[in-house]
Amino acid sequence: IWYYLIMQSATYTKYVLEANSRDIISKIPTPSKWSSIISVHTGQGTFVDPEFFRWMYNRVGKPYHWWYFSNKTEEELKAYLHDKTFYTLMLAETPIGFAITEFEFDTNSINLSYFGLTPAGITHGIRNLGSYFLLTVLSDWIYDSSKFWVYTTSWDHPAAIPCYKKAGFSMVSEESVTEQVPDWVANGVS
């Protein structure tokens, strides 16, 4: 656990985006020149190492103030991951991104719970890598769900919302949220 959590109030904007399966299906990537250097590995719940998840979560999310899982125990991480699908984006043998999806039975929808690239994945120079990874992840669920949704915040990478929109998502809500967060988040430390 790498932070002592001293909490304070912070305000940010929360955005909710959604897409229908038919909006995504025409955008699914075909195998490309990247397929020889990029692969996506999928794990179901208990097959995901909680410490690997925490490492990826911190590598991807710390610059964007992701903090929720930073201080969770291994058992809490296992409980969270139990019914999720975990994707790892690999460049050669190096993990450079991850995503988590969860199927919501009551709405027949897929929640893209987490999605992002590490700093190395962002700066590697492969154009549209984020969009390629996002659409590859969504393609796993295209025939099982009628709707996809994701939320992001004003603290996220500036390319997050354009990436989701390019993949077929539309903004459905925007709200100002004030909550208790660790002081390093509220003070903009990354």
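**Strands, helices and salt bridges**

Modeller: Strand 3 (residues 85–91) and strand 4 run antiparallel and are joined by seven bridges. Two strands count as paired if DSSP finds at least two bridges between them.

Biologist: Before we go on, what kind of model is this?
Modeller: This is a predicted model, where local features need pLDDT of at least 70, side-chain atom pairs count only at pLDDT 80 or more, and totals for chains, interfaces and linings use all residues. Residues are numbered from 1 along each chain as its sequence is written, and side-chain values use heavy atoms, with hydrogens and water left out.

Biologist: Back to strand 4, then. What is the bridge partner of Met90 there?
Modeller: The partner of Met90 in strand 4 is Pro95. Strand 3 and strand 4 form a hairpin with two residues between the strands, and Ala92 takes a positive phi near 55° in that hairpin.

Biologist: Which way do strand 4 and strand 5 pair?
Modeller: Strand 4 pairs with strand 5 (residues 109–117) in the antiparallel sense, over eight bridges. Gly116 in strand 5 stands opposite Phe98. Strand 4 and strand 5 also form a hairpin, with four residues between them, and Asn108 in that turn has a positive phi of about 50°.

Biologist: How many residues of strand 4 are buried?
Modeller: Eight of the eleven residues of strand 4 (residues 94–104) are buried, so the strand is largely enclosed by the rest of the structure. Buried means under 20% relative accessible area, exposed means over 50%, and partly exposed is in between (1.4 Å probe, protein chains only).

Biologist: What about helix 5?
Modeller: Ten of the eleven residues of helix 5 (residues 129–139) are buried, so helix 5 is largely enclosed by the rest of the structure too. Among the buried ones are Tyr132, Phe133, Leu134 and Leu135.

Biologist: Zooming out, how many helices and strands are there?
Modeller: The protein has seven helices and seven strands. Both are DSSP runs numbered from the N terminus: helices are H or I with at least four residues, strands are E with at least two. Along the sequence the pattern reads β-α-β-α-α-β-β-β-α-α-β-α-β-α.

Biologist: Changing topic: how many salt bridges?
Modeller: Six, where a salt bridge is a side-chain nitrogen of Lys or Arg within 4 Å of a carboxyl oxygen of Asp or Glu.

Biologist: Which ones involve Lys84?
Modeller: Lys84 forms one with Asp83, the closest N and O atoms being 2.8 Å apart. The side chains of Lys84 and Glu102 also meet in a salt bridge, at 3.8 Å from N to O. Lys84 lies in the loop between helix 3 and strand 3 and Glu102 in strand 4, so this pair ties together parts that are 18 residues apart in sequence.

Biologist: Is Lys84 buried or exposed?
Modeller: Lys84 is buried, at 8% relative accessibility. Glu102 is buried as well, with a relative accessible area of 18%.

Biologist: What does Lys78 meet in a salt bridge?
Modeller: The side chain of Lys78 meets that of Glu74, at 3.6 Å from N to O. Both lie in helix 3 (residues 74–81), four residues apart, about one turn of the helix. Lys78 is partly exposed at 40%, and Glu74 is partly exposed at 37%.
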